Amino acid sequence: MKNALILLGAPGSGKGTQSNLIADKFNLLTYCMGDIVRSEMSSETDLGKEMKGYITKGDLVPDEVIISMFNDNFNKNDNSNGFISDGFPRTVKQAEFLDNLLKDKGINSLILLMDVKKEKLVERLLARKRFDDTKEVIENRINTYNSEVSLILNYYGTRVIKIDCDGQVDSIFLNILNIINNA
Ligand code: AMP
């Protein structure tokens, strides 16, 4: 069976941590869009320079650019055992693209929303100390997320399963495993 696990959630909601745990457990590939953007940025190419402008402000990379980056990564890999998408889609355009791609490839999707209170997000992000985890950038990334998420939730509708992710890593992981096993 081919499956795509799509993790939606604000920066700091634990998508990266949980996707690593799930990927290990089920031997799945992970596409972490934030890491793909950060690694492109450090490559000093024209695309990398363009990425720097967005990431250092906490703004979203335009849809055409990010969709083509996702697609390039996707096409490089054998996705036959399924995959996890962390941080993609973040807009309705990206969600439409991903739905079409999955339909084309005959891959099912399971969409999880990792829900965390804003105070908790800021606390976690400040503790992380990445260059794009400064107070101002964090504020913009969370606001950007909040303005996009309602549209994307509206697009996916009842396909989204919301998980309370304020708690500890282990219990959130168990909760996710439960959902995957019952899907
Ligand atoms: P993250 O670590 O997931 O918060 O991503 C870091 C940065 O990469 C974001 O602030 C955006 O500039 C960019 N980025 C990551 N994923 C996407 C996406 N799906 N669409 C647009 N920009 C993205």
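**Reading a predicted model**

Trainee: Where is threonine 158 found?

Mentor: Threonine 158 sits in the loop between helix 7 (135-156) and strand 5. Its C-alpha atom is 34 Å from that of lysine 135, 23 residues away along the chain.

Trainee: Is isoleucine 111 buried or exposed?

Mentor: Use the cut-off: buried means under 20% relative accessible area. Isoleucine 111 has 0%, so the residue is buried. Leaving out residues up to four places away in sequence, isoleucine 111 touches Ile6, Leu8, Tyr156, Arg159, Val160 and Ile161.

Trainee: How many helices and strands are there in the protein?

Mentor: The protein has eight helices and five strands. Followed along the sequence, they give the pattern β-α-β-α-α-α-β-α-β-α-α-β-α.

Trainee: What is the order of the five strands in the sheet?

Mentor: The sheet is open, its pairing is parallel, and its strand order is 2-3-1-4-5. Strand 2 (29-32) and strand 5 (160-164) are the edge strands, since each of them pairs on one side only. From one strand to the next, the twist averages 20°.

Trainee: How many bridges does strand 3 have with strand 2?

Mentor: Strand 3 (residues 83-86) pairs with strand 2 over four bridges, in the parallel sense. Strand 1 also runs parallel to strand 3, and four bridges join these two.

Trainee: How do side chains point in a strand?

Mentor: In a regular strand, side chains alternate between the two faces of the sheet. Here, Phe83 and Ser85 lie on one side of strand 3, and Ile84 and Asp86 lie on the other. All four are buried, and both faces of the strand are covered.

Trainee: What is serine 85 in contact with?

Mentor: Apart from neighbours within four places in sequence, serine 85 is in contact with Leu5, Ile6, Leu7, Tyr31 and Phe70. Serine 85 is buried, because its relative accessible area is 0%.

Trainee: Which strands does helix 1 lie across?

Mentor: Helix 1 (residues 15-26) lies across strand 1 (3-9), strand 2, strand 3 and strand 4 (108-115). Relative to strand 3, helix 1 runs at about 175°.

Trainee: How should I describe a pair of packed helices?

Mentor: Two packed helices are described by the angle between their axes and the distance between the axes. Take helix 2 (residues 33-41) and helix 4 (residues 63-76): their axes come within 11 Å and cross at roughly 95°. An angle of 65 to 115 degrees counts as roughly perpendicular, so that is how helix 2 stands to helix 4.

Trainee: Which residues of helix 2 and helix 4 meet?

Mentor: From helix 2 they are Met33, Ile36, Val37 and Glu40, and from helix 4 they are Ile66, Met69, Phe70 and Asn73. Sorted by class, this contact has six nonpolar, one polar and one charged residues.

Trainee: What are the angle and the axis distance for helix 5 and helix 7?

Mentor: Helix 5 (residues 92-105) packs on helix 7 at an angle of about 35°, and the axes are 9 Å apart. Helix 5 contributes Val92, Ala95, Glu96 and Asp99, while helix 7 contributes Leu151, Ile152, Tyr155 and Tyr156. The residues in this contact divide into six nonpolar, no polar and two charged.

Trainee: What is the radius of gyration of the protein?

Mentor: The radius of gyration is 16 Å, which agrees with the value near 16 Å for a compact globule of 183 residues. The C-alpha trace spans about 40 × 35 × 30 Å along its principal axes. Of the 183 residues, 46% are buried.

Note on methods. Residues numbered from 1 in each chain as written. Predicted model: local features only at pLDDT ≥ 70, side-chain atom pairs only at ≥ 80, totals over all residues. Heavy atoms only, no water. Pairing = 2+ DSSP bridges. Axes fitted to C-alpha atoms, helices over the stretch in contact; angles between N-to-C directions. Contact = heavy atoms within 4.5 Å. Parallel < 35°, antiparallel > 145°, perpendicular 65-115°, else oblique. Nonpolar A, V, L, I, M, F, W, Y, C, P; charged D, E, K, R; others polar. Buried < 20%, exposed > 50% of the residue type's maximum accessible area, 1.4 Å probe, protein only. Rg over C-alpha atoms; globule rule 2.2 N^0.38 Å.
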